[in-house]
Amino acid sequence: MSLVRRCSRTACGRPAVATLTYVYADSTAVLGPLATYAEPHCYDLCAEHSERLTAPRGWDVVRLSDGSGPSRPSGDDLEALANAVREAARPPGRTAEAGRAGQGGPSTGETRRGHLRVLRSPDS
C-alpha cells in the first residue's frame with residue numbers, strides 16, 4: 001500500500017496536492033490544500049488537474065490557498081507593527097504616565113488594563 005495519495009482523475013498517477021469538494025447547496029466547487037486524510041466525497045487532484053479545474057455552468061469555483069507561500073503584509077499589519085515599535089521605544093517613565101492617564105474613571109466609561117482598553121457599553 002502506497003503512503004502517497006494519488007490524483008483521483010482516471011489514468012493519472014501523479015501525487016495529489018489539492019482536495020476538491022462540491023457544495024451542492026451553493027453550486028460551488030471548493031479547491032483547497034490536500035486534506036489530512038481521504039474523504040469519501042472529496043477528490044484529490046494533482047497540480048496539473050487542480051490548475052485546469054473548471055466547474056459546471058452556473059457554478060462558482062473557490063480556490064483556497066494553503067498559506068505556505070509568502071504573503072504580503074497588509075496595511076493593518078504594518079500599522080500594528082509601527083504602533084508596537086513606538087510603544088517599545090517609549091521611555092519607561094512615559095509608559096507609566098500614559099497608563100495612568102489612559103485609565104478612565106466611571107465618568108468616561110473606560111478602563112485600561114496593561115495595553116488593552118475596555119470600553120463600557122453606552123446602554124449600561
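**Aromatic pairs in close-up**

**View 1. Aromatic pairs of the predicted model.** Four aromatic pairs are found in the structure, which is a predicted model. A cluster that is linked by ring pairs brings in Y22, Y24, Y43 and W59.

View 2. Because Y22 belongs to strand β1 (residues 18-23) and Y43 to strand β3 (residues 42-45), the pair ties together parts that are 21 residues apart in sequence. Y22 has a relative accessible area of 26% and is partly exposed, and Y43, with a relative accessibility of 40%, also counts as partly exposed.

**View 3. The pair of Y22 and W59.** Y22 also forms an aromatic pair with W59, and this pair is edge-to-face, with 5.9 Å from centre to centre and 80 degrees between the planes. Distant parts of the chain are linked here, since Y22 lies in strand β1 while W59 lies in the loop between α1 (47-51) and β4 (60-63), 37 residues apart. The relative accessible area of W59 is 23%, so this residue is partly exposed.

Key
Residues are numbered from 1 along each chain as its sequence is written. This is a predicted model: local features need pLDDT of at least 70, side-chain atom pairs count only at pLDDT 80 or more; totals for chains, interfaces and linings use all residues. Side-chain values use heavy atoms; hydrogens and water are left out. Rings of Phe, Tyr and Trp (its six-membered ring) pair if their centres lie within 6.5 Å; planes under 30 degrees apart count as stacked, over 60 as edge-to-face and the rest as tilted. Helices (H or I, at least four residues) and strands (E, at least two) are DSSP runs, numbered from the N terminus. Buried means under 20% relative accessible area, exposed over 50%, partly exposed in between (1.4 Å probe, protein chains only).
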